[in-house]
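Please read the points below with the sequence and the coordinates open beside them. They are set out as a colleague's note, moving from the whole chain to single residues.

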Amino acid sequence: MTKIDNSKIFHEGSYADVTLTVPAATTYKPGLVLGRNADGDLTAFDSSVADSTPIYILAQTVVNESDAAEEFTLVRAVEEGVVDAAKLIFAKEADATNEEVLDALKVNGYKLRNVGSLTV
């Protein structure tokens, strides 16, 4: 019997280095779903932004300690792959169960798995 390490967010996939805009005094953690804001900047995905779609999933912690929004370059993000759906972080809590948002992640190359107690 093999147990899957369910502490991981990412089980397989490909990564990209992106430029990320982080609001003032904000910490973004691994597993945060990223999308474009109304200005076209990559930031925390928010389904209430018109024509927004989830694009990446953050793979590292990013901390903005300043009192203004900052742009961070070479931030590691997953661009497609197998992820633990239960560990994803959404800016809007309702997006975690929004079928349209989850379907958009799947269309963009993510395989969402719930691996909490999976034993093979």
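1. Of the contacts in the protein (heavy atoms within 4.5 Å) between residues at least 6 apart in sequence, 67% join residues at least 24 apart. This is a predicted model, in which local features need pLDDT of at least 70 and side-chain atom pairs count only at pLDDT 80 or more, whereas totals for chains, interfaces and linings use all residues. Residues are numbered from 1 along each chain as its sequence is written, and side-chain values use heavy atoms, with hydrogens and water left out.

2. The protein has 1 helix and 8 strands, taken as DSSP runs (H or I of at least four residues for helices, E of at least two for strands) and numbered from the N terminus. Their order from the N terminus is β-β-β-β-β-β-β-α-β. Of the 120 residues, 35% are buried, where buried means under 20% relative accessible area and exposed over 50%, with partly exposed in between, for a 1.4 Å probe and protein chains only.

3. In helix α1 (residues 99–107), the buried residues are V101, L102, A104 and L105. Viewed down the helix axis they fall within an arc of 155°, so they line one face of α1; the arc is that of the directions from the axis to the C-beta atoms. These buried residues pack against β3 (33–36) and β8 (110–113), while E99, E100 and V107 on the other side of α1 are exposed.

4. The two ends of α1 deserve a look. At its start, a side-chain oxygen of N98 comes to within 2.9 Å of the backbone nitrogen of E100, and just after the helix G109 adopts a positive phi of about 100°.

5. In a regular strand the side chains alternate between the two faces of the sheet. Strand β8 runs parallel to β7, and 4 bridges join the two; strands count as paired if DSSP finds at least two bridges between them.

6. D84 lies in strand β7 (residues 70–84) and stands opposite R113 in β8. The side chain of D84 reaches the backbone nitrogen of A86 at 3.1 Å, and D84 and K8, 76 residues apart in sequence, are 7.3 Å apart in space, C-alpha to C-alpha.

Key. Polar contact = N/O pair within 3.5 Å; in protein donor to acceptor, adjacent residues only side chain to side chain.
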